[in-house]
Amino acid sequence: MTSSTVYPISSMGGPLAKRVPRSGRWGTVFAVFRRSCYLESGGGQVFCLADQGLGEGPLTLAVKIPSKTTFRSLGINEGCHLDTDGVDLVVGHELVLTTAETVIWEPDPVGQTAPQDEILRRLDVLIDQVDPLIPSDGLAEVIPHTAGIANAGSSGIVNMNAVAELAMPRLSRLCGGLTRSASEAIDQGVAGLVGLGPGLTPSGDDLLGGMLVALRAMQNTASLFSVDALAGCVTKHAAAETTRISAEMLEQSARGYGSAAQHRLLRCLLGVDDSSDTVNAALDLIRTGHTSGWDALAGILLGIYCGLRIGRYQASPDPAAQSSIAFSRRMAGTPA
Amino acid sequence: MTVKNHVLKNMYRDSVALMRLSQEMEGLENVAQATAIMGTDNNKDLLAQAGLLADSGKSATPNDLIVAFDLTSPGQEEAVITSVQQRLMSGRQRTGGGAGYRPRSMEGALQTLPQANLAMISVPGEHAAREARKALDLGLNVLLFSDNVPLEDEVGLKQQAISLGLFMMGPDCGTAIINGVPLGFANAVPSGRVGLVSASGSGLQQVICLLAESGEGISHALGVGGRDLSGEVNGAMMLEGLRALGEDSATEIIVLISKPPAQSARARVLEAASQCGKPYVISFLGEQGEHGKRASRGNVHMENNLEGTALRVLKLLGKETPGWASLDDKNRKRIESIIAGSDPGHRSIRGLYSGGTLCYESLFILRDLGHLAGSGLEQEPVGGDLLIDMGDDRYTVGRPHPMIDFRSRCEALVQAAADPEVGVVLLDVILGYGAHPDPAAELSPAILEAQKIARNDGRRLACVVALCGSPDDPQDMDQQEKTLTHAGALVVHSNALAARIASAISRGGAVPLPGGDTRG
């Protein structure tokens, strides 16, 4: 291979690494942004080539390129092919991406989780910290209400944007379905959220993705029927009802793979280790896209509240006790 | 009203681009409402509920982009669609290479422009040192805009520059004016007799703007990066800058601006200043205790805030106290009116800053005045007043700096208005090269909306703006002030004064003077 421009690939997502062909054509570029592009393989799988500054992900090839270099200035346009000779990758005819220094990225697991009261305290602190910054677009406005929604309540919450108002009853239905392991309610909730809202990955998708990654990270709920049902509903609806980029993201989320920023935040919120980095981790996440990071944060918070509630619900033999679980002070005034 | 949809098949634009497109379309003449959204079923329902779904949009698939708009008068559809297509394509053309020779290396650039003597470098931190070293090796002075450069690299680069007789400004240096040439974020200030070296970008801008408004210009303004006065770097480039200004015949007074330095750097700087024959004004911002006292010894005058620094320079130059240092009758009456009309239970302060040093200065001024003020980055909420530097790296990755893009601040402002505890919002607006071309136009609608939200809730919200700019800046400072004032903001030019006004409103008292007295 010869080229005038060579950059190293710093990391490759674990699920993506399993798909690298031995040689020949791997994919074709179909969307180009300032610091990233999306490709589709012959088998229809979508993956991403991105500036390493955007962070790692399960389907991301992170490449080291100079600051302020745009992908189009590297000659990457829609229709360009990505080929491999078994060692390096070539985009178009001029750009060589070397793999000698590439590491395979896998998210660090949460490990042993902190006590429930401690997790709830961290959630309270985080919501307080981000509250002044919450934007009015997408689904970020649900963040202060996530504890109440997880308890299947959404009444009395007003003055939200049109997307959030539409989403609120659907989120309540979904959370109620998760707690009761009610497949129909889960499916109805998911159907109303997939592909909903602004952005290339619509807000509803980002929220569902964050929720799935959070629930998968909570080991005590990961094998529960309702979480598997949620994953199944999301992938089913996403395949037909949202953008292909979003559908691929949700497919990974359903398996527990989120972005590096999502996993870092989950370790801070759930792990027994030091949580002092929680705010920085959240800020890293909310910088993603215009509202994508915020929507994913809403999903993570909702996922954790739901996960804790599912755990309690399953553990308690007394239905009266199930409905009286107090999640935090944010629950005040929200019907159980 | 005529609703139209334009469907772009398999069109992918990132979320920020879609949001901007929606905003820009709503700004078009004849467009009452507009949005650009992916054509999923749920989004089509959303459009239908908003009355924005036309027949053509119903056939869109999830991978299509629906551009929906409501025309105020029929017959304008083609013009709007043409405008949308131009906006969607302009991003490609801008980044697609362009015409003319664009050197791809520093050597190539020097062949094109052999008389160049300075390289401005902005690459990721891990590559920045290598590029800076290359520039120094080529005999170029360096302004290193990049941050996240390892400290040991900064030390090595500055030592290398000194050994070669070159300047190494930065890393994380965003502002300089050399021989009248503005670099990075800088203001259109006149040439004059004040030379400055600063470890703070917005702090430097505030001082030179206050001086310019008072009719005083600058010889040079050098940035050295925020870590230059740390123990490790030990003032290496600050001392070089001070030495150069000491030798510069156009410079009559030398100003140094920095956050509190390491002891060793402090000693070196004071030693250099005391041995120079020219008057020095040294501002270690927010310095507390014995060091924090305003004092003069020989030719060296110590200050601890930006306003005091500018006032001291003017005094040394024999100038009268300028108008920006005090409240005019109009503003005084407005403050009295705000205090009279506000509920003492709803007066906490929310600061939303684009200039890091301006935020820092306001924080320590409020704390000095006894406020419980936090920056939002503490591990546990401080409670009380909250001043956020929205230009901090934590908030800007993947987004333009808030001096350029006001969306995040406008959103935060509206959010603050909905908080019943907040009675005062403090904002900075920085003008000049590199900044937004019309900040007041961006901010004013949010100020109006914020005040409306508070009013509807039976409260009163005061917006205090520190307008940092020079009369010759490209944005037209007078017009900026008028627009902001018209929106209901109380506008002053000194950041410190803005913070003291906020304190007075918050407490329902008179505006404190820097020395602790009050002025009503």
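Hi everyone, let's start with one leucine: setting aside neighbours within four places in sequence, B:L314 is in contact with B:L211, B:S214, B:E216, B:K319, B:P322 and B:W324. Before I go on, please remember that this is a predicted model.

So where does B:L314 sit? You'll find B:L314 in helix α11 of chain B, which covers residues 306–316. Is B:L314 buried or exposed? Its relative accessibility is 1%, and buried means under 20%, so B:L314 counts as buried.

Let me zoom out to chain B. What does its secondary structure come to? Chain B has 18 helices and 22 strands. Of its 520 residues, 55% are buried. Now take the contacts in chain B with a separation of 6 or more: 70% of them are between residues 24 or more positions apart. As for the surface, chain B exposes about 21,200 Å², and carbon and sulfur atoms supply 49% of that.

Next up, a strand. Have a look at β15 of chain B, residues 348–353, where six of the six residues are buried. Which residues are on which side? On one side there are B:S348, B:R350 and B:L352, and on the other B:I349, B:G351 and B:Y353, so both faces are covered.

And what does β15(B) pair with? One partner is strand β18 of chain B, residues 422–430, which runs parallel to β15(B) and is joined to it by five bridges. Within that pairing, B:L352 has B:L427 as its bridge partner. Strand β17 of chain B, residues 385–389, also pairs with β15(B) in the parallel sense, over four bridges.

Helix α13 of chain B runs over residues 356–368, which is 13 residues. At 1.5 Å a residue, α13(B) should span 18 Å, and its end C-alpha atoms are 18 Å apart, so the two agree. The buried residues in α13(B) include B:L358, B:F364, B:I365 and B:L366. Here's a handy thing to know about helices: with 3.6 residues a turn in an α-helix, residues three or four places apart point the same way. After α13(B) comes B:G370, with a positive phi near 95 degrees.

Helix α8 of chain A, residues 225–241, has 17 residues, so it should span 24 Å, and 24 Å is what we get between its end C-alpha atoms. Among the buried residues of α8(A) are A:V227, A:L230, A:C233 and A:H237.

Last topic: the nonpolar cores. The largest one has 115 residues, and the members touching the most other members are A:I143, A:L297, A:I304 and B:L484. Helix α12 of chain A, residues 292–315, gives the largest share, 12 residues. Domain 1 (2–89) and domain 3 (326–507) of chain B each put in at least three residues.

What is A:I143 in contact with? Neighbours within four places aside, A:I143 is in contact with A:I127, A:V130, A:I134, A:W294, A:L297, A:A298 and A:L301. Apart from that core lies another, of 61 residues, and B:L314 is among them, along with B:L327, B:I338 and B:L366. That brings us back to the leucine we started with. Thanks, everyone!

Note on methods
Residues are numbered from 1 along each chain as its sequence is written. Chains are lettered from A and ligands numbered from 1 in the order in which they are written. This is a predicted model: local features need pLDDT of at least 70, side-chain atom pairs count only at pLDDT 80 or more; totals for chains, interfaces and linings use all residues. Side-chain values use heavy atoms; hydrogens and water are left out. A nonpolar core is a set of buried Ala, Val, Leu, Ile, Met, Phe, Trp, Tyr and Cys residues joined through side-chain atoms within 4.5 Å. Buried means under 20% relative accessible area, exposed over 50%, partly exposed in between (1.4 Å probe, protein chains only). Helices (H or I, at least four residues) and strands (E, at least two) are DSSP runs, numbered from the N terminus. Domain bounds come from an automatic or database domain assignment. Contact means heavy atoms within 4.5 Å. Accessible areas come from the Shrake-Rupley method with a 1.4 Å probe; for residues, only the protein chains shown count as cover. The expected span of a helix is 1.5 Å times one less than its number of residues. Two strands pair if DSSP finds at least two bridges between them.
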